[in-house]
Amino acid sequence: MTVISEPLSPPRRTASEPRDIGGIIKLVAVSIIALVIVSPLIVLVVGSLKADRFQILADMGTFRAFWVENPTLQNFRDMWVFSGALPFGRYLLNSLVILFCTVIGGVFLNSMAAFVLAWGRLPGRAVILAALVALYIVPQESIVLPLLTIINRIGLSDSFAAQILPFMASPLYIFLIYQFFIQIPRDIYDAATVDGAGPFRIYWSVFLPISLPVLATVAILLGIETWNQYLWPLMVTQTDYARPISVGIASFFGTGTVYWNNAMAASVMMMIPVLIFYLAFQRWFVSSFISSAVKG
Amino acid sequence: MSTETLTAGRHRRAPLWGGRFQELGMLLPSLALIAAFLLLPFLSSFRIALTNERLIPRPVPARFVGLDNFQKVLTDHDFWQALWNVARFTVMVLPVQCGFALAIALLLNQKLPFRNFFRGLFFLPAITSMVVVCVIWATLFQYPTGPFNQILGVVSFGMAQPIDWLGDPAWSMPAIVLLSAWQAYGFQMIVYLAGLQGISDSLYEAASLDGANRWQKFWHVTMPSLRQTHVFVLIITTIQAFKLFTQVNILTQGGPRGTTETLVHYMFSAGFVNQRLGLASAVAIILFFIVLAVSLVQRLVVRDRK
Amino acid sequence: MAFHLSKRLLSLFCAGTMLAGALTAAEAETLKLMFQGDAYEIKNITATAKKFEAANPGVTVELINTPHDGYNEKIGAAVSAKALPDVIELDGPFLANYVWSGLLQPIEGLVDQAIIDDMTPSNVAQGTYPIDKKLYAIGLTDSTVVMYGSRKQLTELGIRIPTSVDDAWTKDEFQAALEKLSTAPGVKWPLDLFRSYGTKSEWITYGYEPLLVSMGCDVIDRISWKAEGMLDGATCVEAAKMMQDWVKKGWVVPQSAGGNQFYAAGRPAALAWGGHWFYAEAEAQMGDDVVVMPLPKFGEKGASPNATWIYAISKDSANPQLAGKFLSFMLQDPDYRAGYRDHAGFPGLKSFAAASPLYAPGGAMAVAFEQAGKTAVPRPPHPAYPTITLAFQQAMTNIFDGADAQQELTKAAKEIDADIEDNDGYPPFGEAK
């Protein structure tokens, strides 16, 4: 049926009614799926609006976890009440600093390396690439302790650098950008070399502008990973100086008692900046940059 | 890549070696960082694996023990169970997580009102930290009155018995799979979205002219164009699956009866809780080679299909 | 090379943050203190430190708040960075491991003798290293586990409510009570053993080892320091089988049901085998219907756990006198004590007990305090403790989940002994007495 109707595309514009109904059905379907997907997060938001941690505990494991009778922002206000002992403002600022340094540095370093690996002339590129892919396999949990020794030895313990430098360059993201770069048509590269541009110029003024979708992807993924880092900052920060919010929240999960109200409010607060960060970057890969570059 | 030599001759202003120095300058910062903070610690675990070193230094000096640690690991029943579990997890999570991610990416790549809003919404699980995710899902999984069991009761008209999702050896792994796929599919979704953006509209236009329907376009335009993306997603998801740790560590600690014990959790118990750095390093090295082998096999299989 | 590179990148990317985080360099006298705790505890110690600074001009107390998670590993990290603080808060059962590793020094002579004399016997026990019998740590608080029930429910069913450690339930009496409760209306599970804490929290060893001790065995022989022949012996296997039997009969709240079943709507769990800290939660939901009872006596004598987070002075401290002075100040600070009293802190000092109405005679938790004085048994004060507790917790979890008790305990005992052997017996432990 559709096989016949598709080629007759011009009249489609006038016959707007069926399309609208289809659009509404699609919208309803997407909304339902979205609701199911985010429903676990409703538990979190609802919980953060309950003032009494005993009530949260009593409601857990039933449908009352999805419902709050007397919503209050008390838990969010508590964040600042605690600030004498647990400086959440400071933690938030630390996390933001670490996030931006890691992401900006990471996007540039990884894309530069990926460019050389994809289009450079250095010998041994294939070997380097294979080694990088292999290194991605190493789980972070397995190198935490030797890495800690190295960080201590070079005097970077309890610093911002210790939380930024090890994560800027990443085999995964070099590989991801590399995958994108090798799909770029040869003509584009050749045209630039004919103009006599050196590798950095080609990378900077030709490849970067048409690679925004993948760079935005890397920025988002690296950003989320950095924001939610837990085990490493837990080990490497000794004081509040460079401690991120993910570790700060852990203080609500005490020895015998969990302060659910505070922990949930802090978790919600922790999600907001990274959501904004995601929304800001995802706009960059909305339109198709490659095809337009090829056509132009 | 064999055509490079041809283009090299076309360089006019930038001399050959100048270009290479620039390339070196662009590549080295990343390589140096990776060498210092990933390769070096990894290599030092090879040295540690041959000793009985401890987390907290002891009055008894650490000594060289040869391949003892490897022998201990490879003869430990728990290690093999962990390996088996991780393989089961990978096989289950791959289709669920990647399939769902691709479906949502296709949905969100269409013209849709409030598209950006939905993209944000569908990405929410991925930005939630795993610790928080586990707290929420423990509530959903609760036995016998949790929401999942209540839904089960309603759907089956009260026929089905409540399931102890995390406490029943038959259900513990599927439960972990579901939770993991929910938390992590955003990664694959975003990679697929980027991949879909890379497909030229002209391909679809050409297919339309040939009279292809939606389903045909999906199989003959979308899927082949996403080949590189599929390879990437497949390999990355597999590696991530082999690293399964946080959710198990928080929710089940490997239980019930070892049905959710994973290699990284096994290593973590040995190294952090038991303080046996040497043993943990041996596990890390074995894990590395297992995943390396799996990735190589995957690459070969994918290459054959070209 | 990596070093120079990192420094340059550091200045490139993070120059701005340097301004925000410049720490004031106090050259006079600085006391570093590593601790963990709930939010109120952090508030508490911060206020005390400020007061101490005001009372001692020129002294700065640098508080290093360390999340509870991964605490033991962080001490290891600090040791390898040669940055162990002057004062370390530590979890009681890990003390032997730290002293044996040479991290701590005795506190007698550093902390006021009057405060040391004020310690309860259980508090002394948790801070003492068995080899030299010296005191290495001190704290304001201690802990215990008791049996919680509903006064109304137990009375209605005609189950006797013990009011003192001396008339605690016997094994048969306890199992009869469970049996009776299992058929009582509204009861889903007669007993909550708090399996929900899982194996990450130290709970299984802390909460269940007393049952073994009361039956007449232990996780390790405390004279020969061998687990084989003790943990895998007939008595321990019998104890483990008994607990497994409770689970099989459906008497015990499953691990995935959450830790709130005792006071959740409808009270699905009738009895709770819980820590003293659980009282606040239960009381908030049930009011004075909560009744606190001693743990049952499974054999000749009763047993109960003890120990909590206590303070020690590191061996490499540049100023142990100052560290001792601070601890003395802190433990006597009325506001510090008030903070713990308001959160039902379990007294570890006699004078603090006298000022805690909850634990004083006639208080709701008086039995808990009496029990700590009469039956408290510290967990094995041995440097292999980290291995002992992990092996035991895994074995018990598997047994609860249906594994063969003998097989699991044998495996755990072998693991423990292998670790001890791996460390040449942790000399001088296990050497001729």
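Trainee: What should I know before I start?
Mentor: This is a predicted model, in which local features need pLDDT of at least 70 and side-chain atom pairs count only at pLDDT 80 or more, while totals for chains, interfaces and linings use all residues. Residues are numbered from 1 along each chain as its sequence is written, and chains are lettered from A and ligands numbered from 1 in the order in which they are written.

Trainee: Into which domains is chain A divided?
Mentor: Domain bounds come from an automatic or database domain assignment. For chain A, this gives domain 1 (2–77) and domain 2 (86–295). Twelve residues from domain 1 of chain A and nine residues from domain 2 of chain A take part in the contact; two residues are in contact if their C-beta atoms, placed from the backbone, lie within 7 Å.

Trainee: Which element gives the most to the domain 1 side in chain A?
Mentor: Helices here are DSSP runs (H or I, at least four residues), as are strands (E, at least two), numbered from the N terminus. Helix 2 of chain A gives the most to the side of domain 1 that touches domain 2, with four residues. By class, that side of domain 1 of chain A has six nonpolar, three polar and three charged residues. Ala, Val, Leu, Ile, Met, Phe, Trp, Tyr, Cys and Pro count as nonpolar, Asp, Glu, Lys and Arg as charged, and the others, Gly among them, as polar.

Trainee: And what are the domains of chain B?
Mentor: Chain B is assigned domain 1 (1–49) and domain 2 (69–304). Taken over C-alpha atoms, the centres of these two domains of chain B are 33 Å apart. Their contact joins four residues of domain 1 of chain B to seven residues of domain 2 of chain B.

Trainee: How many residues do chains A and B bring to their contact?
Mentor: Chain B brings 86 residues and chain A brings 80 residues. On the chain B side, the largest share, 21 residues, comes from helix 2 (residues 16–49) of chain B. That side of chain B has 51 nonpolar, 25 polar and ten charged residues.

Trainee: How do I read two helices packing, say helix 4 and helix 11 of chain B?
Mentor: Axes are lines fitted to C-alpha atoms, for helices over the stretch in contact, and angles run from 0 to 180 degrees between N-to-C directions. Helix 4 (residues 77–108) and helix 11 (residues 227–242) of chain B pack at about 140°, with axes 9 Å apart. These two helices of chain B are therefore oblique to each other; angles under 35 degrees count as roughly parallel, over 145 as roughly antiparallel, 65 to 115 as roughly perpendicular and the rest as oblique.
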